[in-house]
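Subject: Handover of a protein structure

Dear colleague,

Please find below the structure that I am handing over to you. I would ask you to keep it open while you read the notes that come after it.

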Amino acid sequence: MPSWILYALAAVGSFTAGTVLAAPSVDTYPLDTGFGFGAVETSGITASATGALVAASIALWLRHRVGALGAVVAGAALVAVVALPGAWRFDMYVSAVGAGLVLGALVVCCARTAGTRLPAVMTGGVVAALLTAEPVAEYREFAASSSGSAVYLEVSAQPANTVWTVLSVTVIAVATAALVMRAGAPDSDGPPTRLSPILRPGGRRTRGRFSRPVYR
C-alpha cells in the first residue's frame with residue numbers, strides 16, 4: 001500500500017474525529033423541541049466521553065489493519081448519517097460513537113507502521129480539530145439564524161452539516177481506497193519471515209536463534 005494514502009487517512013480521519021468529539025451535536029437550536037430528556041443525556045461532554053471510550057476499546061480490541069480500515073469506514077458512515085438534515089433523540093451519541101470508531105481504528109493503523117511521522121500527523125489533525133470545532137459550530141449556528149430573530153430551528157428544519165458531510169465522505173473514500181489497495185497487496189501484518197541460514201566460524205550453520213546447529 002502506498003504510504004501517502006495512510007498519511008492522507010491519518011490527517012483527514014483524525015481531523016474528522018476531533019471535530020465531532022469536540023462538538024458532537026449538530027443542532028442549531030439552543031432549546032429542547034419536545035425531546036423530553038434530561039440535561040445529562042443531552043450533554044456534549046457525556047457524548048464525547050462515550051466516543052473516547054469507544055476509541056480506547058477499538059484500539060485495544062483490533063489487531064489487523066484490514067479490520068481497522070473497515071472500522072474507519074463504519075465510523076465515518078455514522079458521522080455522515082448524523083450530518084444529514086433532521087435530528088433525533090440521541091444523534092450526538094451516534095456521532096460520538098462514529099468518531100470513536102474512526103479515532104481508535106486510526107491508532108491501530110498508526111501502530112502498524114514504524115517511525116513517528118504517522119502518529120505525528122494524526123496528533124496534529126486531532127489538535128487542529130479541537131481548536132476549530134467550536135468556531136465552526138458557532139458559525140453554522142449564526143448562519144442558520146435569520147437577522148433579528150432568536151437562534152432557533154425546528155427539528156424538521158434541521159439543515160445538513162456540510163462540514164461533517166464533506167469530511168466523512170472524504171474519510172470513507174480514502175479508507176475504501178486503502179482497503180482496495182490492501183486487498184491486492186501481500187500481508188505484512190503476519191508472522192515474521194523465516195530467517196536465512198547463517199554461516200558461523202568453524203563450518204557450523206544455524207537457521208535461527210534457538211535452532212540446532214547443522215554441521216557439514
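The notes below go from the whole chain to single residues.

Please bear in mind that this is a predicted model.

The overall chain

The protein chain contains six helices and three strands. Read from the N terminus, the order of these elements is α-α-α-α-α-α-β-β-β. The chain has 216 residues, of which 36% count as buried. Its exposed surface comes to about 12100 Å², and carbon and sulfur atoms supply 66% of that area. As for contacts between residues at least 6 apart in sequence, 78% of them join residues at least 24 apart.

A patch on the surface

V81, L84 and W88 together make up a nonpolar surface patch. The accessible area of these three residues is about 260 Å² together. One of them, V81, belongs to helix α3, which covers residues 65–82. V81 counts as partly exposed because its relative accessibility is 42%, a value between the cut-offs of 20% for buried and 50% for exposed.

Residue A111

A111 is found in helix α4, which spans residues 91–111. Is A111 buried or exposed? Its relative accessible area is 64%, so A111 is exposed; the cut-off for this class is over 50%. A111 and A59 are 52 residues apart along the chain, and their C-alpha atoms are separated by 9.5 Å.

Yours sincerely,
A colleague

Key
Residues numbered from 1 in each chain as written. Predicted model: local features only at pLDDT ≥ 70, side-chain atom pairs only at ≥ 80, totals over all residues. Heavy atoms only, no water. Patch = residues over 30% accessible without salt bridge, like charges linked within 9 Å, V, L, I, M, F, W, Y side chains within 5 Å. Areas by Shrake-Rupley, 256 points an atom, 1.4 Å probe, with all protein chains shown as cover. Salt bridge = Lys/Arg side-chain N within 4 Å of Asp/Glu carboxyl O. Helix = DSSP H or I, 4+ residues; strand = E, 2+ residues; numbered from the N terminus. Buried < 20%, exposed > 50% of the residue type's maximum accessible area, 1.4 Å probe, protein only. Contact = heavy atoms within 4.5 Å.
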